[in-house]
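Hi everyone, thanks for coming. Let me put the structure up, and then I'll walk you through a few of its details.

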Amino acid sequence: MKLNETSLPALAARGIAVPSYPRGSAAAAVGVVHLGLGAFHRAHQALVFDALLQSGDGRWGVLGVAMRNTELADSLAAQDGLYAVQVASSAGVFWQVSGALWQSCVAAREPAPVVRALAAPATRWVTLTVTEKGYGPALAALLVPGLAARHAAGLPGLTLASCDNLVNNGRRLQALCVDAARAENPALADWITQHCAFPNSMVDRIVPAATPQRLAAAAQALGVADQAALGTEAFWEWVIERRFADPSDGAALAALGVTVVDEVAPFEEAKLRLLNGSHTAMACMGAVAGWPVISDCIAQPAVRHFIHGLMTEEVGPALRRPDWPGYRDALLARFGNPELQHSVHQIASDSSQKIPQRWPPSVIAAQHRGQPVERLAFAAAAWMRYLRGSNEDGVAYVMNDPMANELQALALAHAGDAAATVQALGTLKTIWGEVLPQDSGWLARVSRRLAQIDQFGMLGALAQLQAELENA
């Protein structure tokens, strides 16, 4: 038996939390168009919308748009948009079925329904998790025609909330849409600026990619087959700027636990630099050392000591989030959650797009404050070793990155020569910005750490680093 509308009563009888509100054709029209129908959205924003629907506010049903993944969209459509989420914490594990997803489609296969949905009178919100590399002409070509149709029909503007790990993500999305619109119709660009809201936001929840093991666990817990089941942690956070097309939306979101603020930047910086920066460092280290998931990485005492020091001494002091030490401590506990099985290779994907947001700002801020950057240099060196495409036992792995071929060619061409490797990879301004490629002291630190990784292996190099820091 498959998970679908008809199977919900049986799940409720098993004690599984299921939607109690009308859905799809039995409900009001879709109110949210979400672009990027991956695991993160379904275990984060969609659960917030599910809670809003459960509260009796029927305006938050979602059209989930997969950008390219036809298999996922079709699986969800076959399940009436339903899927189960396993939430695991130290207190235990529970399952819930989300019902916020009312429709699904694929942008690459069927863009017209997306444009129609954007222009539909009932649509109020657009949310996006298209990853850092998704903010380009193709995204504008999907959004702007829908906004143009709204403008032509005299409909109200939308709230368009980027939930991707980009600094100032709302303004970036606004600039992308306005610039594309202005090239075609200046009046449309002015309407978007005046009537649509693009709040900055920060979202935080660890959501590993689905695995066959998770699907099997779902089948056992639910008694039905669910091809879209997910696992996540109990912790979640959504911080969003108080900037909405409908100002009353702020109160509705806040009532469900969303943090609505005047400035997102302090939370955004802390998440990018503490959580995401540490994640990328561990992912590169784990890929090279042969630790497959993050909980395996943080279980290594040397890695845990490294990550604690990275956050405490090199990243945290420059942050504006007032409770960052508590956030750090929560992260260390979250990283160790064995139920998540968060793959290091999943986290290391698209590193060329992620590193610019996660490491250089911390390096520059620490240097300005006269604080150490040796752990950040070690992280940079671990990334350069990761780019060779094989671990310390010689086992090859595939890198998923828009620059994978270029970066791997550079890493392999200079393998064994740390200084030459850093000169080739550490001076790429698209990754490291304008300052660090010209900082000879920084490049020398990275070279030293890479030479130690090559000589002693990842754990041995961590021991060398720790000994030096203790004797400094």
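**Cysteines first, then helix packing**

Let's begin with sulfur: the structure holds zero disulfides, a disulfide being a pair of cysteine sulfur atoms within 2.5 Å. Before I go on, a word on what you are seeing: this is a predicted model, where local features need pLDDT of at least 70, side-chain atom pairs count only at pLDDT 80 or more, and totals for chains, interfaces and linings use all residues. Residues are numbered from 1 along each chain as its sequence is written, and side-chain values use heavy atoms, with hydrogens and water left out.

Cys297 is in no disulfide either, as the nearest cysteine sulfur, in Cys284, is 10 Å away. Cys297 counts as buried too, with 1% relative accessibility.

Now to the helices, which are DSSP runs of H or I with at least four residues, while strands are runs of E with at least two, numbered from the N terminus. Helix α11 (residues 265-289) packs on helix α18 (residues 374-386) at about 45°, with the axes 8 Å apart. Those axes are lines fitted to C-alpha atoms over the stretch in contact, and angles run from 0 to 180 degrees between N-to-C directions.

Which residues of α11 make the contact? They are Ala281, Cys284, Met285, Ala287 and Val288, where contact means heavy atoms within 4.5 Å. From α18 come Phe378, Ala379, Ala382, Trp383, Arg385 and Tyr386.

α11 has another partner, helix α16 (residues 351-358), at about 140° and with axes 9 Å apart. That makes α11 oblique to α16. Here Leu272, Arg273, Asn276, Gly277 and Thr280 of α11 meet Ile355, Gln357 and Arg358 of α16.

Last stop, helix α5 (residues 111-119): its buried residues are Val114, Ala117, Leu118 and Ala119. Their cover includes the strands β1 (32-35), β2 (62-66), β5 (101-106) and β6 (125-128), along with helix α6 (137-153). Thanks, and I'm happy to take questions!

Key. Buried < 20%, exposed > 50% of the residue type's maximum accessible area, 1.4 Å probe, protein only. Parallel < 35°, antiparallel > 145°, perpendicular 65-115°, else oblique.
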